Amino acid sequence: MDWLSLDLLPPLLKGLKITLLLTVISIVVAFCFALLAGLGRLSRFAIVRAIMSTYVEIFRGTSLLIQLFWIYFALPMLLDVRLSAMTAAVIALGLNYGAYGSEVVRSSILAVPKGQIEASTALNMTPYQRMRRVIFPQAWVMMLPGFGNLQIELLKGTSLVYLITLADVTYQGMTLRSFDISRTPAILAWLLILYFIASYTLTLIVRLSERKVVKGRG
Amino acid sequence: MSQNIQTFTSDEPIVRYKNITKSFGEHTVLKELDLDILPGEKVALIGPSGSGKTTIARLLMTLESPTSGTIEVDGEMLWHMHKRGRLISANEKHLHRVRSKIGMVFQHFNLFPHMTILRNVTEALIHVLKIPKAEANHRALEILERVGLRDHTNHYPSQLSGGQKQRVAIARALVMQPRIMLFDEVTSALDPELVGEVLDVIKAIASEGDMTMILITHEMDFARDVADRIIFTDGGVIVEQGTPAELFENPKSARLQSFLSRFMKGQPDRSADDRVAAGTE
């Protein structure tokens, strides 16, 4: 284990901080887009459905890397705005994983038995109350496993941001490598370990919240 | 309309189906149906699966919209409204207002699985009728007492038997104090030994109240006990209607005769027969 030397760790941990910060913010943004698009695709209004479907198909159908490049390099040139690498990364990750997440939202809502909508209609709830009080709480439980998967995907997806100059853990690893190419195995081993610890922590958090939500309902 | 319901003829009908047709694609479930139901009347709809009786209830609960025709509730159009002298389709706001007079109990209970029994009953009181929580809890407990489930208020639906679930569903509908209550094959999904407890609750409600009740059922004895009028539907039309005595003792149409003979023979396993008939609907 001598080659897995600890002196590599401080710069890598500095990068890991960026990775985790980016992951957390992007998860929040992606979650908002997932809800918006997932509910939007079930809207009564055809125009809302069309807009949301277009968004989802575009962001699922193109690569995250190209989306990053577009938002960081191309868009500022076209629109004359200046985005920080962090902002660009959050937007790209949020939109991309939000598109996938919207399918989780949509399919979970459709999976709630029709009788639940009928019962809430019979109790004269408004369409908003039916969604808010009856449908969504039941769909939410079904969304958690899907969201858990996507969160882990997103965490690993952040490794692409080093290509738009963000100093995440992958970027730090690549920099260390350029100082001493012979230590490549050690550096990449550390990257594996750090990503795994981070994603496994996410898994545990999701599992815990699932247990909390399901508790008592039998 | 039959002359056998003279006790009610002084009133205006509370529900009036006028020339109602309902089709699902090519398939016509109800054909030009006319039906008046009087305030306080207990009407049982019987008939084979697919005869359209459930659709009659679902149209009134606004779960399906009619293909053509109108329904009036308490003198007001349900699916239509007047706008600048023209009759147009009702919007959600209009449906919401008229629907407040109607409640429904379903074959498969449709309790909210993520809420306790108490919250199942109070949810609409608090959020639809805007009744303060303490008062809502009080009313819910009173109703749960009536259906014999006072001790189960903090349980979740999954912890109850089918009969208990259905009694909660009845309490949930009852607590809203609708003027018209629909019971859609409420015992068809129950184990035979649990049917009695649910029917007893409904009988008690029927005997004490001036609530208008529409009961869709395969339980012929129950229909005979509770209903003022029996309506037999087949193939999307009302084939025959009258008092229980008339229909059961002296069925006129061949279709009703053959329908009834299926229920009368083999009385002991009648409930099993019911469940087969209901399962295909």
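**Two chains, helix by helix**

Let me start with a crossing. In chain A, the axes of helix α1 (residues 9–40) and helix α4 (residues 85–111) come within 6 Å and cross at roughly 45°. Axes here are lines fitted to C-alpha atoms, for helices over the stretch in contact, and angles run from 0 to 180 degrees between N-to-C directions. Helices are DSSP runs of H or I, at least four residues; strands are runs of E, at least two; both are numbered from the N terminus. That angle makes α1(A) oblique to α4(A). The classes are these: under 35 degrees is roughly parallel, over 145 roughly antiparallel, 65 to 115 roughly perpendicular, and the rest oblique.

The crossing of α1(A) past α4(A) is right-handed. The contact between α1(A) and α4(A) has 19 nonpolar residues, 6 polar and 1 charged. Nonpolar covers Ala, Val, Leu, Ile, Met, Phe, Trp, Tyr, Cys and Pro; charged covers Asp, Glu, Lys and Arg; the others, Gly among them, are polar.

A word on the model. It is predicted: local features need pLDDT of at least 70, side-chain atom pairs count only at pLDDT 80 or more, and totals for chains, interfaces and linings use all residues. Residues are numbered from 1 along each chain as its sequence is written, while chains are lettered from A and ligands numbered from 1 in the order in which they are written.

Back to α1(A), with another partner. Its axis and that of helix α7 (residues 169–179) of chain A come within 7 Å and cross at roughly 155°. So α1(A) is roughly antiparallel to α7(A). Who meets whom? From α1(A) come P11(A), L12(A), K14(A), G15(A), L16(A) and T19(A); from α7(A) come V169(A), Y171(A), Q172(A), G173(A) and L176(A). Contact means C-beta atoms, placed from the backbone, within 7 Å. The α1(A)–α7(A) contact splits into 6 nonpolar residues, 4 polar and 1 charged.

Now chain A as a whole. It has 8 helices and 0 strands. Its C-alpha trace spans about 70 × 50 × 20 Å along the principal axes.

Next, the records. UniProt places "domain: ABC transmembrane type-1" (unreviewed entry) at residues 16–206 of chain A. UniProt positions are in the numbering used here, feature names are shortened, and annotations may be inferred rather than shown by experiment. In the model, residues 16–206 of chain A are 83% helix and 0% strand, with end C-alpha atoms 20 Å apart. UniProt's "transmembrane region" annotation (unreviewed entry) covers several stretches of chain A, including 81–100 and 187–208. Residues 81–100 of chain A are 80% helix and 0% strand, with ends 27 Å apart by C-alpha. Residues 187–208 of chain A are 100% helix and 0% strand, and the end C-alpha atoms lie 32 Å apart.

On to chain B. It has 10 helices and 12 strands. The radius of gyration of chain B, taken over C-alpha atoms, is 19 Å. The globule rule (2.2 Å times the number of residues to the power 0.38) gives 19 Å for 281 residues, so chain B is as compact as a globular protein of that length. The C-alpha trace of chain B spans about 60 × 55 × 40 Å along its principal axes. UniProt lists "domain: ABC transporter" (unreviewed entry) at residues 15–260 of chain B. That stretch of chain B is 37% helix and 28% strand.

Last, the interface. 19 residues of chain A are in contact with 24 residues of chain B. On the chain A side, α5 (114–122) and α6 (127–157) each supply at least two residues. That side of chain A has 7 nonpolar residues, 9 polar and 3 charged.

How values were computed: Left-handed = near helix turned anticlockwise from the far one by under 90°. Contact = placed C-beta atoms within 7 Å.
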